[in-house]
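Trainee: I have a structure open and I'd like to learn how to read it. Can we go through it together, one feature at a time?

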Amino acid sequence: MQLPLVLLLLSLPGCLSIQGPESVRGLEGGSVTVRCDYKPRWETYRKWWCRGAYWELCRTLVRTTGSQLEVKRDRVSIGDNQSHHFLTVTMEKVRQNDTDTYWCGISKTGRDLGAPIRVTIEPEGTLLTTACYPTNGHAGVSSVSYSR
Ligand SMILES: *[C@@H]1O[C@H](CO)[C@@H](O)[C@H](O)[C@H]1NC(C)=O
Ligand SMILES: *[C@@H]1O[C@H](CO)[C@@H](O)[C@H](O)[C@H]1NC(C)=O
């Protein structure tokens, strides 16, 4: 028996409302910038950047105030472009131990919305090849398959 696709989509956190790149890579000592696009209607909600593979347990590093003002804490900053519906996160002076799964998300009543992003920091001297990451794909959706 096949579960209807729409049910799967609805059961995933925020996959229809916010999306970012599946993965990004950076070099130790450099900075990494991630852009997440969200659907209109969420402009004035607070946006956040969270670290940890598990959605429920991830640690929020920075959170906007619901305005476009950039918020910075330690090496991480987050900004929200409300007229173009995207948030931008920059992590500076990255280290290899910053490698992890992160989430960009939107605070709302009930369950927040979020999209997972794999961030990998390579040692200094690694040659990063330029790659195009799909901006319309979504890890949460593409990794789901259901049969029987
Ligand atoms: C929002 O993004 C657009 C397009 O990239 C840019 O022209 C505009 O200046 C940005 N607004 C803010 C407040 O950063
Ligand atoms: C991560 O690595 C840096 C050095 O590259 C070190 O100073 C820091 O303590 C490490 N952090 C953790 C949590 O291991």
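Trainee: Let's start with D98: is D98 buried or exposed?

Mentor: One thing before that: this is a predicted model. Now, burial. We look at relative accessible area, and under 20% means buried. D98 comes out at 6%, so it is buried. You'll find D98 in the loop between β8 and β9 (100-106).

Trainee: What does the side chain of D98 pair up with?

Mentor: For that we look for polar contacts, meaning pairs of N or O atoms within 3.5 Å. The side chains of D98 and R75 are joined by one of 2.9 Å. There's a backbone atom to look at too: the nitrogen of R95 sits 2.7 Å from a polar atom in the D98 side chain.

Trainee: And which residues does D98 touch, if I skip those up to four places away in sequence?

Mentor: Skipping those, you get R51, R75, K93, V119 and I121. Notice that R75 turns up here and also in the side-chain polar contact.

Trainee: K93 is on that list. Is K93 buried or exposed?

Mentor: Exposure is called at over 50%. K93 has a relative accessible area of 58%, so it counts as exposed. K93 belongs to the loop between β8 and β9. Check its backbone as well: phi is near 45 degrees, which is a positive value in a residue other than glycine.

Trainee: Where is R41, and what is its phi?

Mentor: R41 is in the loop between β3 and β4, and its phi is near 105 degrees, again positive in a non-glycine residue. At 57% relative accessibility, R41 is exposed.

Trainee: Let's zoom out. How many helices and strands does the chain have?

Mentor: Two helices and ten strands. To see the layout, read the elements in sequence order: the pattern is α-β-β-β-β-β-β-β-β-β-β-α. As for burial across the chain, 42% of its 148 residues count as buried.

Trainee: In what order do the strands sit in the open sheet?

Mentor: Careful here, as the order in a sheet is read from who pairs with whom. Five strands form this open sheet, in the order β1-β3-β8-β7-β6, with antiparallel pairing. β1 (18-19) and β6 (71-73) are at the edges with a single partner strand each, so one side of each has no neighbour in the sheet.

Trainee: How many bridges join β7 to β8?

Mentor: Six, between residues 76-81 of β7 and 86-91 of β8, and the two strands run antiparallel.

Trainee: Last one: which residues are around ligand 1?

Mentor: Q68, N81, H84 and F86. Taken alone, ligand 1 exposes 360 Å², and the protein buries 37% of that. Sorting the shell by type gives one nonpolar residue, three polar and no charged. Then look at individual atoms: an oxygen of ligand 1 is 2.2 Å from an N or O atom in the N81 side chain.

Terms used. Residues are numbered from 1 along each chain as its sequence is written. Chains are lettered from A and ligands numbered from 1 in the order in which they are written. This is a predicted model: local features need pLDDT of at least 70, side-chain atom pairs count only at pLDDT 80 or more; totals for chains, interfaces and linings use all residues. Side-chain values use heavy atoms; hydrogens and water are left out. A residue is near a molecule or strand if one of its heavy atoms lies within 4 Å of it. A polar contact is a pair of N or O atoms within 3.5 Å; within protein, one must be able to donate a hydrogen and the other to accept it, and residues adjacent in sequence count only if both atoms are side-chain atoms. Accessible areas come from the Shrake-Rupley method with a 1.4 Å probe; for residues, only the protein chains shown count as cover. Ala, Val, Leu, Ile, Met, Phe, Trp, Tyr, Cys and Pro count as nonpolar, Asp, Glu, Lys and Arg as charged, and the others, Gly among them, as polar. Two strands pair if DSSP finds at least two bridges between them. Helices (H or I, at least four residues) and strands (E, at least two) are DSSP runs, numbered from the N terminus. Buried means under 20% relative accessible area, exposed over 50%, partly exposed in between (1.4 Å probe, protein chains only). Contact means heavy atoms within 4.5 Å.
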